[in-house]
Amino acid sequence: MNLSWVFASETPLPAGLSVEKVAAATAELGDSRLSAADGLLGRDNARAIAKKAGAYQLEDELARRLELEGLELGENGEFPALSPRDWGLYPEAETWSSFVARMKRSHGEIRGLLMSPSQREAFLQFLSRNRVDPKGEPEAIADLARHFFFSEPLNVVVRYTAPRFAHS
Amino acid sequence: MEPLHLQLRSEVESLYEARPYPPVGYLSPFFQRIRWEERPTLNYRAAYSAAYGSTTGIIASSKPRILVAGCGTFEPVVVALANPGAEILAVDLSERSLRRLEWQLRIRGLQGRVKTWAGDFEELPDYFGAFDFVIATGVIHHLSDPERGLRSLVSRTKEAGVFRLMVYSYWGRSLLYSAKELAGKLGIKDPAAFRRMIESLPAGHPYKIYFYLYDDARNDTGLADGFLHPCDRPFTAYGLRDLLSAAGLQATKFLHAPAGQPEAADRLARLPVDLGSWDRLSLLEWFGELEKNFTFFACRDGWRIRPKVTEYEWNQALPRSGNLRSELAGRELRFDTRRDPATYSPGELRELADALFLLPSGGK
């Protein structure tokens, strides 16, 4: 199936399109926790606490049970999405909501996602299993991808158009 | 068109009519697990002591009137067992949930102890009178206007009334809300489709791990209650503090595990000494130490510092004098209700309070 919003990472992008990186949802979630703590303790202290808190580890028995059920945890039963140690490591990464707002402001248009073959296959399978029409709007599809690739940054393909000014 | 809050109430009512929660069955009532460990946290005297001092529990009302708001199918059973001698009113929007509750009460011989009323607790008729203890577990965050709901509960309590509340934590359940957001974008409205969504995620996906960690997700009723609820407004620690303050309440004791108690935040770092309990709870919430919910006792704001302790007003469940077994002291304690409680030492009172708290049936 030829889908207009799928761009292969192994081939060059068509002219007029560019790629923008959006922070992984997991980093966004961690950073918003950290920002909340910044207000109380100050930026440096909040980061020091996050680093010290380290990994979010499940109890051994619980981790074993989840692994037996086929789930993949980190080392020593870590639940990486909740581990504070990496929060704030990528302060320059843009969150999804600020990215979407910037696109609107700067006349940018989300045209699709740049994905590796394995990412593409996994994501299309997810869409199919959840009965999503893969020919939907690229922005809506990218919004679903943000959830699916929760722990990975998104490579969003965008096109900027020149703003139109009203003539007086 | 119905106002939004009535629409929401109607959706919540429909959810629990279709899926009474928790899912206790008519056919296997004897196997329903009773969470015995919750009994102390549902005990009136424990809540009273938390508000007015650890020793005053021994002079709290011996026949408290308890309101269980949004009670569901089972909680009043545990409340009745945790409060021998209490008069209990169980209120829920769902009549079907109340019928299941009545069955659970009947098979345990508790039906005379608990009255039920179907409807919105904010519209509870005045003839039910005022209560000593209000329990609202997992209810406030499901209201269209939590502040109005909480105020209405406060208005139904006596002046020295106490509360036991459980409210969802925004940060503690953040992954649940993200998964719920995805389900919303996929147009998912039923448990089977939600399960299919979870199964279609990669094996290490955070939503999938959280889902498997969420005990209630094992059955469709729990899944619908947790992940597909039509009205779910979690609170941050600060948000909860403000809500309580607006309703004229203050938290008196958090019923969390030791790692979720405010003072546990000091393990994270050397914190400024002027940080209050809510600041400390916020830190635990942000850094993942607080799981899912805030559970706590509360009383009216300002009452904690001036408890109405009447001299000689001992718990009426006690005989005039006798012995009580104190696990705390590891021995029998002699008491005499003609004696002014103020003449006991703080240590003796604490041991007596402890012994009375564990009385199996009203002090006989």
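This is a predicted model: local features need pLDDT of at least 70, side-chain atom pairs count only at pLDDT 80 or more; totals for chains, interfaces and linings use all residues.

Reader: What does A:Phe123 touch, leaving aside neighbours within four places in sequence?

Author: A:Phe123 is in contact with A:Trp5, A:Leu113, A:Met115, A:Ile141, A:Leu144, A:Ala145, A:Phe148 and A:Phe149. Contact means heavy atoms within 4.5 Å.

Reader: Which residues touch the most other members of the largest nonpolar core?

Author: A:Phe79, A:Phe123, B:Phe194 and B:Phe227, in a core of 62 residues. A nonpolar core is a set of buried Ala, Val, Leu, Ile, Met, Phe, Trp, Tyr and Cys residues joined through side-chain atoms within 4.5 Å. Buried is under 20% relative accessible area, with a 1.4 Å probe and protein chains only. A second, separate core has 53 residues, including A:Leu34 and B:Leu249.

Reader: Switching to chain B. How many helices and strands?

Author: Chain B has 12 helices and 9 strands. These are DSSP runs, numbered from the N terminus: helices are H or I with at least four residues, strands E with at least two.

Reader: What's the strand order in the open sheet?

Author: The order is 3-2-1-4-5-7-6 in chain B, 7 strands with mixed pairing. Two strands pair if DSSP finds at least two bridges between them.

Reader: Why do strand 3 and strand 6 each have a side without a neighbour?

Author: Strand 3 (114-118) and strand 6 (249-254) of chain B stand at the edges, each with a single partner strand, so one side of each has no neighbour in the sheet.

Reader: How do strand 1 and strand 2 of chain B run?

Author: Parallel, joined by 5 bridges. B:Ala69 has B:Val91 in strand 2 as its bridge partner.

Reader: And strand 2 to strand 3 of chain B, how many bridges?

Author: 5 bridges, and these strands run parallel. B:Asp92 stands opposite B:Ala118 in strand 3 of chain B.

Reader: Last one. What share of chain B is buried?

Author: Buried residues make up 56% of the 364 residues in chain B.

Conventions: Residues are numbered from 1 along each chain as its sequence is written. Chains are lettered from A and ligands numbered from 1 in the order in which they are written. Side-chain values use heavy atoms; hydrogens and water are left out. Buried means under 20% relative accessible area, exposed over 50%, partly exposed in between (1.4 Å probe, protein chains only).
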